[in-house]
Amino acid sequence: MGIFRKKESSRGANDELAQLKGDIKAFWEFLPTPVCYTNFTFNILNASKSFEVFSGFKNKEIIGQNLKTLFFSSQEAKCAQKDLLERGLVNNCEIMFTAKSKEKIPVNMMIAARTDENNNIVGFFFVFLDITERKTFEKEFKEKIDDFEKFQRLAVGRELRMIELKAALRLCQQEKLNPR
């Protein structure tokens, strides 16, 4: 009787594990934000459907590739890597991501370390937020501020010149009224 219960509980655990794997796979496919995870050396182990759409790479093309090859600048990757190894987390790191089409996409990258049961880092989760619209808005906003400052300099300069001319005119008028 004890052997039967052991097999039955083992089957229940296997069913629960299969259900959990299915739930994780469904959640991974549902994620609306580009996400991938890598091993310790940044080789991609899996990527969400959103990552495929965002990057242009199919999972079968990108699995096993080093994620650092998708950063426009290796310096950006090194900076993020240094922070990651020191703190185990990188928040709001702006980098240029290179899509399959070779398009450079400004992204806000977040990284979290994956650890084993002994708290050793075994890999990393990466999340990418496309900030193209924000960067475009910031650029347009800066251009408008620059235009406004240029206009202000011209307007203030013109006003100061008008004040000088009025003062000179008054001085001339006073000299005509009061000749020496």
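Mentor: Let's settle one term first: a helix here is a DSSP run of H or I covering at least four residues, and helices are numbered from the N terminus. Keep in mind that this is a predicted model.

Trainee: Thanks! How many aromatic pairs does the structure hold?

Mentor: There are 12 aromatic pairs. In one of them, the ring centres of Phe27 and Phe30 are 6.3 Å apart and the planes meet at 40°.

Trainee: Why is the pair of Phe27 and Phe30 called tilted?

Mentor: Rings pair if their centres lie within 6.5 Å, and Phe27 and Phe30 have theirs 6.3 Å apart. Planes under 30 degrees apart would be stacked and over 60 edge-to-face, with the rest called tilted. The angle for Phe27 and Phe30 is 40°, so the pair is tilted.

Trainee: What makes you say that the charged end of Arg114 sits over the ring of Phe125?

Mentor: The distance cut-off is 6 Å from the ring centre, together with an angle of within 35 degrees of the ring normal. The charged end of Arg114 is 5.7 Å from the centre of the Phe125 ring, and the pair is listed as sitting over it.

Trainee: On to charges: how many salt bridges does a search of the whole structure find?

Mentor: Four. One of them joins Lys25 to Glu29.

Trainee: What makes Lys25 and Glu29 a salt bridge?

Mentor: The side-chain nitrogen must be within 4 Å of a carboxyl oxygen. For Lys25 and Glu29 the closest N and O atoms are 4.0 Å apart, and the pair counts as a salt bridge. Both residues lie in helix α1, four residues apart, about one turn of the helix. Lys25 is exposed at 54%, whereas Glu29 is partly exposed at 40%.

Trainee: Which salt bridges does Glu94 form, with Arg134 and with what else?

Mentor: Glu94 meets Arg134 at 2.2 Å, N to O. That pair links distant parts of the chain, with Glu94 in strand β3 (residues 89-98) and Arg134 in helix α5 (residues 132-177), 40 residues apart. Glu94 also bridges to Lys135, with the closest N and O atoms 2.7 Å apart. Since Lys135 lies in helix α5 too, the pair ties together parts 41 residues apart in sequence. Through shared partners, Glu94, Arg134 and Lys135 join into one network.

Trainee: Last one: why is Ser50 called buried?

Mentor: Buried requires under 20%, and Ser50 has a relative accessible area of 16%, so the word applies. You'll find Ser50 in helix α2 (residues 49-55). Its side chain reaches the backbone oxygen of Leu31 at 2.5 Å. Beyond its neighbours within four places in sequence, Ser50 is in contact with Leu31, Pro32, Thr33 and Pro34.

Conventions: Residues numbered from 1 in each chain as written. Predicted model: local features only at pLDDT ≥ 70, side-chain atom pairs only at ≥ 80, totals over all residues. Heavy atoms only, no water. Phe/Tyr/Trp six-rings, centres within 6.5 Å; stacked < 30°, edge-to-face > 60°. Helix = DSSP H or I, 4+ residues; strand = E, 2+ residues; numbered from the N terminus. Buried < 20%, exposed > 50% of the residue type's maximum accessible area, 1.4 Å probe, protein only. Polar contact = N/O pair within 3.5 Å; in protein donor to acceptor, adjacent residues only side chain to side chain. Contact = heavy atoms within 4.5 Å.
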